[in-house]
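I opened my notebook with a plain plan.

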Amino acid sequence: MEIIVPVLLLILGFVMLIKGADWFVDGAAGIAARFGIPQLVIGLTIVAMGTSAPEAAVSINAALNDNAGITIGNVLGSNIMNILVILGATAIITAVPVQKSTVKIEIPFMLFVTAVMMWLGYTGNMIVLWEGIVLWVLFVIYFAYLFVMAKKGQAEEEGAEPKPLWLQIVMLVGGMVLIVLGSDFTVDNASIIAKVFGMDDRLIGLTIVAFGTSLPELVTSVTAATKGKADIAIGNIVGSNIFNILFVVGTTALITPVAFKMNFMIDSVIAILAGVLLWIGVFKDMKLKRPIGIVMLMGYVAYFIYLLFLG
């Protein structure tokens, strides 16, 4: 019985994170547009960072509350889940096209920054301030690349009828409050559940917390696939993974040192192998097809079994 309340509060935390990120993005984007900030800039800043808000809030909260295993576990767990589960499931529903730039630049960059984080964690079992600065420098470089790419190829889209300013402000503030409270609920109750089952912070971060913070990507990608709009899925997932490492871990390390347990080396290798599998899967036909999707899901099942019994 003692586990029921923490589980319910954990679920409530996930709902608050997801809804909060939704409201924050809508409110901030609406206010920015109202003041004449171009849609391109809004998309690259507010919307992109908003989708990483659940991971960022949970990771920073966990690090500040000495649950540092959740910080790196959440990021690595989310990144592994994003590729093996979300893209795997999407590919089973429909073949997922991929842009040339994603294959030539973004996937290799994702693999590179994962390896950088692994190396930074390995060198001192901790990601500290100067290493957070390194991650943020890479983040700025990636951001500049995104801006140039978007400038080249994307026309501005017509927005929907704007909401009233008061409602946009309420959504912005309400979204921020929900994200902060949701991260509190998630970290506190995930830690309680971990202790009840004898799980460590790393395992709970890699599984339960990673799943909860990856829910927005899962729902978006599968919904897009069922509506025949899966072409955005791979670019969004790869971008989200890059943001999770550079923005989430980098920002957390600027605030407080982030512990990197040696077991995370294995999880980092799994994250790199998942990225390599994606890269190989799309390299020839520029599409992620059902057979690779099945391999991805089977790969995640094998990884999950490893976590439960050996990790």
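**Entry 1: the nonpolar patch.** I looked up which helix gives the largest share of the nonpolar surface patch. It is α6, with four residues. I noted that this is a predicted model. Both α6 and α9 supply at least two residues of the patch. I wrote down its members: Leu64, Leu129, Ile133, Val137, Ile141, Leu254 and Ile255. Together they make a patch of about 630 Å².

I then picked one member, Ile255. It lies in helix α9. Is Ile255 buried, exposed or partly exposed? Its relative accessibility is 47%, so it counts as partly exposed. The exposed class starts only over 50%.

**Entry 2: the cores.** Next I went inside. I kept a general point in mind: in soluble globular proteins, nonpolar side chains tend to be buried together. The largest nonpolar core here has 59 residues. Ile127, Ile234, Leu246, Leu278 and Leu288 have the most contacts inside this core. I checked which elements give two or more residues to it, and found α4, α5, α6, α8, α9, α10 and α11. The largest share is from α9, which gives twelve residues.

What does Leu246 touch, leaving out residues up to four places away in sequence? I listed Phe109, Val113, Leu135, Trp136, Leu138, Phe139, Tyr142 and Thr251.

**Entry 3: a buried charge.** I turned to Glu131, in helix α6. Glu131 is buried, yet it has no salt bridge. How far away is the nearest side chain of opposite charge? That side chain belongs to Lys261, and it is 17 Å away. A salt bridge would need the charged atoms within 4 Å. I looked up the contacts of Glu131 too, again skipping residues up to four places away in sequence. Glu131 touches Leu120, Thr123 and Met126.

**Entry 4: the whole chain.** Last, I stepped back. I counted eleven helices and four strands in the chain. The chain has 311 residues, and buried residues make up 50% of them. It exposes about 14,400 Å², with 72% of that supplied by carbon and sulfur atoms. I also looked at contacts between residues at least 6 apart in sequence. Of these, 86% join residues at least 24 apart.

Technical notes. Residues numbered from 1 in each chain as written. Predicted model: local features only at pLDDT ≥ 70, side-chain atom pairs only at ≥ 80, totals over all residues. Heavy atoms only, no water. Core = buried A, V, L, I, M, F, W, Y, C linked by side-chain atoms within 4.5 Å. Buried < 20%, exposed > 50% of the residue type's maximum accessible area, 1.4 Å probe, protein only. Contact = heavy atoms within 4.5 Å. Patch = residues over 30% accessible without salt bridge, like charges linked within 9 Å, V, L, I, M, F, W, Y side chains within 5 Å. Areas by Shrake-Rupley, 256 points an atom, 1.4 Å probe, with all protein chains shown as cover. Lys, Arg positive; Asp, Glu negative; His and termini not counted.
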